[in-house]
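Please keep the sequence and the coordinates at hand while reading.

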Amino acid sequence: MDFLLTVEPLLEDPSLVLEDPAIEEHLRQFCLVLSVSLGVATLSRVFSLLRNIPYTLLLLLVGLGLAVLDVRLINLSPQLILFIFLPPLLFEAAWNLNWKSLKQYAVPVVLYAVVGVVICVASLVWGLQTFAGASLATALLVGASLSATDPVSVVALFRELGVEKKLTTVMEGESLFNDGVAVVAFNLVLGIALGLEQFDVSVTIARFLVFVGVGISIGGLIGFGLSFLTQRFDIPLVEQSLTLVSAYGTYLVAEELGGSGVIAVVTTGLILGNFGSRIGMNPRTRLVVSEFWEFVSFFINSIVFLLIGDQANFYGLVDELDKIAIAILIMIVARAISVYGLGYLSNAITGPNMDLPMRGQTILWWGGLRGSVSVALALSVPAMLSDRQEIISIVFGVMLFTLLVQGLTTKPLLEYLGLLGDQPLRVEYSQMTAHRVALTRVMQRLEDMKVNEEFDPEFVGYQMALVQGQLEEVKEKMARLEQQNETIREYASEQLREELLAIESDTYAEFIRAGQLKDTLTPLLEGVLPDRIGEAH
């Protein structure tokens, strides 16, 4: 009775439930953002006219349209991007990045992610002060903000078009580690820009090493810890939840301990995606977790790019148009110096078998877009700095140019340089391979049903005839492709070797989960197929 007396006034006046009306308004804004972003992303896949535009850029255009109409969906704070959006995006990219491929192209990735940041910051600081008359504080913070590449749409385009693995790995690897280095660089120059610290090379390098070292240590500890923890049970939902918690938890712990949260999240994602998912998850669970993170990435990117466009301040952009133009020119030139110069150095170190061709370097140069990380860093400049709005406008203007101009012209550039080559055929062949394997497994199941007399024999026979017809059709198409294209035959051999590697690795993982392999694991894994693939070529 007392409970009914308590609830009755709430039912008569629902406004009493929400003591703060702002909560309801924020929930409505969030639901509106979700509806618009996911609606636009879905439409971009439905209409053929829009399929040539990456959905992230389409969302940015819609956001810009809302900004022109002065429709502000929600206030975008740097904390929102850096804490809520950035960790899962970095974790997803690291989870899907193959460690062996990353190790294979480690030299160009490290050069671009570390030395490339230094070249970008130094060029923008010098250029903005010399040609735009910007203050040292503005030049430093703009340079650090714009040193973070964010080629989300370009990498998505690479995957869709089947661009060769080398370019995709280098661009993804550079972006992952580049973000961490850029955030660390921004934190280092912020004190100098505010006049709180003096620039000292040795101190700056020491602080940088501490940031990165703590980040890698925390990320490695959490990554390996969760890898061995998930060996103890097989509950897909729990393991999926643990990866989500690790993305945010790693970021928070590293930041609290004075390290780089970005570097820590990338380290954890790499370990869990390449080691933990192999020894601690069965193939079914690994697939469930991978699909979950694919959705999370799509979901967050849909929101982020819409909100970035919606935050555009056109009056501020017009006021700083001359400085924006100078910054764009300097950044493009600095990126060219970085990519081509470091590419030449990388090729000299790695040798002819691992070199980056000039055409590939051109795509890396033009595809080095700026995005959410750059905007978040610019927005995080303290309000006490008088040049804050100028910094935000310059960074925002450059980011819009890279996304709209460079992002929309990357596909035509790929076609012009001939980098697509037979990649569409490879994608088609991979899809047919998956279809053949799936149909073969269906046939095996139907044969078991026939032998065990689980269903009506006539019905099972009819289904087997249908599946057999589809299977023969797929095999004929694959044989035709292999006969007409020598590169497809080589690709088929490569796919077979990778399949054998996966079987071998999963077998070792079963022994590890059973506790029968421990110290002998490392030499076994070091001797498996990927290292022999290079010998076969």
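The side chains of K323 and E390 meet in a salt bridge, 2.4 Å from N to O, the term covering a side-chain nitrogen of Lys or Arg within 4 Å of a carboxyl oxygen of Asp or Glu. K323 lies in helix α15 and E390 in helix α18, so the pair ties together parts that are 67 residues apart in sequence. K323 and E390 are both buried, where buried means under 20% relative accessible area, exposed over 50% and partly exposed in between, with a 1.4 Å probe and protein chains only.

The model is predicted, with local features needing pLDDT of at least 70 and side-chain atom pairs counting only at pLDDT 80 or more, while totals for chains, interfaces and linings use all residues. Residues are numbered from 1 along each chain as its sequence is written, and side-chain values use heavy atoms, without hydrogens and water.

## Packing of α15 and α18

Helix α15 (residues 321–350) packs against helix α18 (residues 388–417) at an angle of about 55°, with their axes 9 Å apart.

## The other salt bridges

The whole structure holds three salt bridges. In one of them E174 pairs with R335, the closest N and O atoms being 2.6 Å apart; E174 lies in helix α9 (residues 165–193) and R335 in helix α15, so this pair ties together parts that are 161 residues apart in sequence. E174 counts as buried at 2% relative accessibility, and R335 counts as buried at 9%.

K477 forms a salt bridge with E473, with 3.7 Å between the closest N and O atoms.

Notes. Axes fitted to C-alpha atoms, helices over the stretch in contact; angles between N-to-C directions. Helix = DSSP H or I, 4+ residues; strand = E, 2+ residues; numbered from the N terminus.
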